[in-house]
Amino acid sequence: MCGRYAASREPGDLVGLFGVEKWEPTEALAPDWNVAPTKSVHAVLERPLKDAADRRPVRQLRPLRWGLVPSWAKSPEGAAKMINARAETVHEKPSYRRAFETRRCLIPADGYYEWVTGAAERELEEKGRKKRTRKQPYFVTPADGSVMAMAGLYEFWRDPALPPDHPHAWWATCTVITTEAEPAPFASPEGDAAPDGGGPRSLAEIHPRMPLVLPPDRWAAWLDPACTSVDELRALLAPPPAGTVRAYPVATAVSDVRNNGPELLKELEAPEEATLF
């Protein structure tokens, strides 16, 4: 899954990296090393500019609220539960299928956090029989230091309690698509297979799910709202190349959403809490 991530890149850097044509500096978000559900996040998307005569899709950097609210929802109360959508069923679930067809986005991140649990607890969690107990947090990030482009969907929801011209009448929200965790060994910072240091050796040993990260050669097709073929879109959701990320233990301070700063990404020499594998 993806329940917390880091996004510290400056908007100007994201504009250049993703080929953004339009963004409003007044909407720029501050660096965030502990992005949690319901927070505003940067997202890259393509859609026509509002009130523009030219209706061609324009690549934009926009702030969205993390936690998707379908356009038909009566209230936004369930947003915090819709931070993730499963790649295997996103095309058919009522909450996501319309957005999957024409409202897709990329959500840039430095990487994401995941908490390791023991094997027995994880087996129960996969069967849906026990709420997961969080233990040692790990930070998962591209081994080459690049930006992680997580596949996402976005929606617009109209608050019926507010007048149309109210600045908060419309909610722009998003969700991160997840897939089965990669079982291949982690990469080292140098790009080679990571040595066995006694901790988790792959994403699958940390959690059964992971954010679906799209490589640059899929960005254009994923963002193109003219692409509505379910089969073509589902093909884009193939897992990224194996062995391109690394994971390392970080301080348990990240478990408290009130903590926020670059120190949360500091790599620990050893986990703070013992974990069984």
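User: Among contacts in the chain between residues at least 6 apart in sequence, what percentage join residues at least 24 apart?

Analyst: The structure is a predicted model, and a contact here requires heavy atoms within 4.5 Å. When the count is limited to pairs at least 6 apart in sequence, the share of contacts that join residues at least 24 apart is 71%.

User: How many helices and how many strands does the chain have?

Analyst: Both kinds of secondary structure are present in the chain. Its helices number five, and its strands number twelve.

User: What percentage of the residues count as buried?

Analyst: A residue is called buried when its relative accessible area is under 20%. The chain has 277 residues, and the part of them that counts as buried is 48%.

User: Is N34 buried or exposed?

Analyst: N34 has its place in strand β2, which covers residues 32-35. Beyond its neighbours within four places in sequence, it is in contact with several residues, including R4, Y5, V254 and L264. Buried means under 20% relative accessible area. Because the relative accessibility of N34 is 0%, N34 counts as buried.

User: Which residue forms a salt bridge with E88, and what parts of the chain does the pair tie together?

Analyst: E88 lies in the loop between β5 (84-86) and α2 (97-102), while its partner belongs to strand β11 (residues 209-211), so the pair ties together parts that are 121 residues apart in sequence. The closest N and O atoms are 2.9 Å apart, and the partner of E88 is R209.

User: What is the N to O distance in the salt bridge of E46 and R59?

Analyst: A salt bridge needs a side-chain nitrogen of Lys or Arg within 4 Å of a carboxyl oxygen of Asp or Glu. The side chains of E46 and R59 meet in such a bridge, and the N to O distance is 2.8 Å.

User: How many salt bridges are found in the whole structure?

Analyst: The pair of E46 and R59 is a salt bridge, and so is the pair of E88 and R209. A search of the whole structure brings the number of salt bridges to eleven.

Methods
Residues are numbered from 1 along each chain as its sequence is written. This is a predicted model: local features need pLDDT of at least 70, side-chain atom pairs count only at pLDDT 80 or more; totals for chains, interfaces and linings use all residues. Side-chain values use heavy atoms; hydrogens and water are left out. Helices (H or I, at least four residues) and strands (E, at least two) are DSSP runs, numbered from the N terminus. Buried means under 20% relative accessible area, exposed over 50%, partly exposed in between (1.4 Å probe, protein chains only).
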